[in-house]
Amino acid sequence: MKLTMPAVEPGNRDIRVDGVKVGFAIDVWDSQDPYNGAWEARLYSSATVPCEFAAIVNRLRLRDLRAELQRRLDEDGPWWS
């Protein structure tokens, strides 16, 4: 399964697996790093019902967020099914 996070606009990314949108990530303010902020991912519980979230994941850097999502995908499988 291929995880990608294409940019939608500055501070906003889609989370896609094999081309299917399964969540999104936004750049949010973070008290630990107020100058750079942090990234928050909202993972859909279903690819067909994008208003319900299975989980919310936060990381300070986008690369760390992507690595965590890839780890979850590899270890636990699809979170949206």
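Read along the sequence, the chain follows the pattern β-β-β-β-β-β-α. This comes to one helix and six strands, assigned as DSSP runs numbered from the N terminus (helices H or I, at least four residues; strands E, at least two). The radius of gyration is 12 Å, close to the 12 Å that the globule rule gives for 81 residues, so the chain is as compact as a globular protein of that length. The radius is taken over C-alpha atoms, and the rule is 2.2 Å times the number of residues to the power 0.38.

The model is predicted: local features need pLDDT of at least 70, side-chain atom pairs count only at pLDDT 80 or more, and totals for chains, interfaces and linings use all residues. Residues are numbered from 1 along each chain as its sequence is written, and side-chain values use heavy atoms, with hydrogens and water left out.

Along its principal axes, the C-alpha trace spans about 35 × 25 × 20 Å. Of the 81 residues, 36% are buried (under 20% relative accessible area; exposed is over 50%, partly exposed in between; 1.4 Å probe, protein chains only).

A search of the whole structure finds four aromatic pairs. Rings of Phe, Tyr and Trp (its six-membered ring) pair if their centres lie within 6.5 Å; planes under 30 degrees apart count as stacked, over 60 as edge-to-face and the rest as tilted. The ring centres of phenylalanine 24 and phenylalanine 53 lie 6.0 Å apart with planes at 70 degrees, so this pair is edge-to-face. Phenylalanine 24 sits in strand E4 (residues 20–28) and phenylalanine 53 in strand E6 (residues 53–59), 29 residues apart. Ring pairs link Phe24, Tyr44 and Phe53 into a cluster. Phenylalanine 53 is partly exposed, at 35% relative accessibility.
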